[in-house]
Amino acid sequence: MQPSFTSAIAANRFGLGARPGELAAIGADARDWLLAQLKGGAPALPDSTLQSSVQILASALRLRRDIQAERKAGEDVQQKLPQFLKPIYVSEVTARFAAAVATERPFVERLTQFWANHFAVSIDKQFLAGLAGSFEREAIRPHVLGNFTELLLAVEKHPAMLLYLDNHLSVGPHSPAAARAERRQSERKIGINENLAREILELHTLGVGGGYTQKDVTTFAEVITGWSIGGEGGRFAQGEPGMFVFREELHEPGTKVVLGRSYADEGFLQGAAVLRDVARTRAAANFIATKLTRHFLADDPPPAVVERVADVFMHSGGDLPRVYRALIDSSEAWTQPLAKYKTPCDYVISSYRGLSLPVEGHAPLAPFELLGQRTWQPGSPAGWPDRSADWDGASALIKRIQWADAVGARLGSGRDAAQLAPQLLGANLSEATRTAVARAASAEQAVTLLLAAPEFMRR
Amino acid sequence: MSMRRREFLNLAALATGGALLTRLSLAHASERKSRLVVVIMRGALDGLAAVAPYGDRDYAQLRGEFALRAPGEAGGALPLNGFFGLHPSLKFMQQCYAARELTVLHALASPYRERSHFDGQDVLENGSGHAHALQSGWLNRALAAAPRSAQREAGVALGQNVPLLMRGPAAVTSWSPSKLTALDDDTLARITDLYAGDALLSGRLADALAANATLASEEGEGAMMAVSAPAAMTPAQAGAAAPAGNARYAEVVRAAAGFLRQDEGPKVAVFDTTGWDTHANEGGAQGQLAGRLSALDQGLATLRQELGPVWSDTAVLLVTEFGRTAAINGTRGTDHGTAAAGFLIGGAVAGGRVIADWPGLSARALYQGRDLAPTLDLRSVLKGLLADHLAVPQRALEETVFPDSAAATPRRDLLRG
């Protein structure tokens, strides 16, 4: 394929949308441009003012205790927690968006977004509005260029995930805590919650057809009883507030069999051992390879590529840069330009990059809300879907066009869309779009037509 | 409001003034037709909480502190038939039951027998009996097989995108309110030209303009309210439980009613509700789930009010992907289960009944020792509903809408004669 096609694919499909000059800089070495991005450190966010999840969660837990006391005193405290959490959410979303717009390593930033969505949390659960951003910074970003097993371990023991999937209060039926409740003949039922265990197997590792049973889910849930958070959990509230803590007294004792393998009870290490083994199964390799190739190549990725990527995942023990390289090295990745319909997130980021729009104030919040993809709010642990049909609705399209129109109106004559079009779309620029943009009635209409063009709706 | 209203009409007028005029004017008013609303309750509704079998001797023990008491007692269920009771949040639904406009379906399940939300929803929507076996939805295939009507769009999804249930060969559209200004007609004409060679985008754009035109031609207060409602909640609002939930339902159901009220409009509307995945702190007569159910109930009351006389031609189906565990789990919630409850509500429904072949809740009766066992195949309900309400031919129901469902005999007793 011609360099102008490969550079457009590299910048728009593997990257986050070309910035002016980016296609020229990529030139004929599209593959090298991507590989170079995989070298260098983990993709940390430059914003140093953001708080750690421990700080945020400790404050939120303290605030919730205060609120409970004040509510007893009859005060109206309904909005206090949201008022604390929302500014944190806004700062995190803005910092993440600014990084995506400015980054020189857009492939790595897209990978970060991919993994954050694979291990999705959603801010509609209490505390998560304050924790989703720090979760991504602490559990995802350090491992995007590392090993899948380490990524998995970091995610599953992060307080945001433990809270989101309810594991922090899950209690083994034969644990010391359960025995104590029995002695006291406590009214309150004590037992496991299998939510996190199920989603680890179904959504994070093996995939739904990955060969586990209900018994595996239940047993695995017992294995990870005790994976909890300091400062949470009423009378079990020991440990540093907001930090991961393994609570022996909640843990279901004994040797356990998960997926046909026996695990001796070594407390926290028992769960970590299951995760390590699950991360290295062929089912996990297939599942991750399918999701990655779907994200980067096509809604229904060629089975040969999926298998190749899964093989590398297996042989390398989940070495992620090698997995990414297998993707880039597949010739199928460089055919069929524009195979993916952009998500709203892709669309807004690529617009900002392409038009060099300034990230001011809380820039990304309104368009993400309007176009139906609020950051870190997929509404379910499955994350946002990744196929055209999930995003190409009629109402969704008209909103993109309306937003494009508003962007055009805001820029006025500040951009020359006719001159930008080949810089952003390269060989994908169609004659129809070139003509439409060139013949636009005004500079602002030209911007609108460029952003509304079929080749800008896709990547 | 007037500003947005004007802008919206501008866009709609544009649509009707262009090539779409021909298509829209083909639609003839007047023939009275059945309307169907499908509400997908995503996340797995706890059927034993929504419709409590307080007469079952194992129920109270399984549900512990969250067991609903019998009707008449403090915090008790609302009366149905002496064995089942509705959750106390479902006040409007109970009125419908008393007026014979609500049929409760219990121990109801799709053919799906695993416990993944996402595969469960896929089976619920694709109608094949297997996850990911079809890329279209049963409702769309039913519309494609139903007698043709004049309008282009047979159905509308209230949301930006079309859920799997409504994807397929029949023309459907999606609609959601917008805060943005309308496009000027020159820009829109140029974009229409630009999409001429792109089948997907040109089709979607035409669908969107047609949907806007449909709603704008509606002169009722309902459409105006739908148009002027805020596009979405802020995160803070979304976190504020019941009031925000109520506003969201109200916004969606007003728009749905705005479409369905019209003779030329779509006859089927679909929307989602969420928040049913109650793994922790579910609550009983009061609490988390009670708030969600209350919002749902008020949304349905708003729907009836907004539909006005059309309510008598309407059936509303509420379904979820599967139920939840019979017993309360260790975090005062319930985990993923099997059979659930569903509802058929509306003036067209032969209501005042609970349809349930009750399997019981004893340890032996529970499915895999943990879940309410399924005894009513959802496809029996759907096939009967589609045959009698939308006149979908029997053969199409068996062959294309629900392939391999011969064992699920259609229930032909769901609607008023």
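Colleague: What makes 61% of the 417 residues of chain B count as buried?

Modeller: A residue is called buried when its relative accessible area is under 20%, exposed when over 50% and partly exposed in between, with a 1.4 Å probe and protein chains only; of the 417 residues of chain B, 61% count as buried by that rule. This is a predicted model, in which local features need pLDDT of at least 70 and side-chain atom pairs count only at pLDDT 80 or more, whereas totals for chains, interfaces and linings use all residues. Residues are numbered from 1 along each chain as its sequence is written, chains are lettered from A in the order in which they are written, and side-chain values use heavy atoms, with hydrogens and water left out.

Colleague: Why is the pair E194(A) and R370(B) called a salt bridge?

Modeller: The term requires a side-chain nitrogen of Lys or Arg within 4 Å of a carboxyl oxygen of Asp or Glu; the closest N and O atoms of E194(A) and R370(B) are 3.0 Å apart, so the pair qualifies. Between chain A and chain B the count is 4 salt bridges.

Colleague: How do you know how much area chain A and chain B bury between them?

Modeller: Buried area is the accessible area, with a 1.4 Å probe, that two parts lose on being put together, summed over both, and for chain A and chain B this is about 4,800 Å², 56% of it on carbon and sulfur atoms. Of the area that chain A buries against chain B, K189(A), A394(A) and Q402(A) supply 11%, more than any other three residues. In terms of contact, meaning heavy atoms within 4.5 Å, 65 residues of chain A meet 54 residues of chain B.

Colleague: What makes residues 1–31 of chain B a stretch to read with caution?

Modeller: On the scale of pLDDT, the predictor's confidence in each residue from 0 to 100, residues 1–31 of chain B stay under 50, although the model has 53 contacts beyond four places in sequence for them. Residues 219–244 of chain B are also below 50. Where pLDDT is low, the predicted coordinates should not be read in detail. For chain B the mean pLDDT is 85, and 83% of its residues reach 70 or more.
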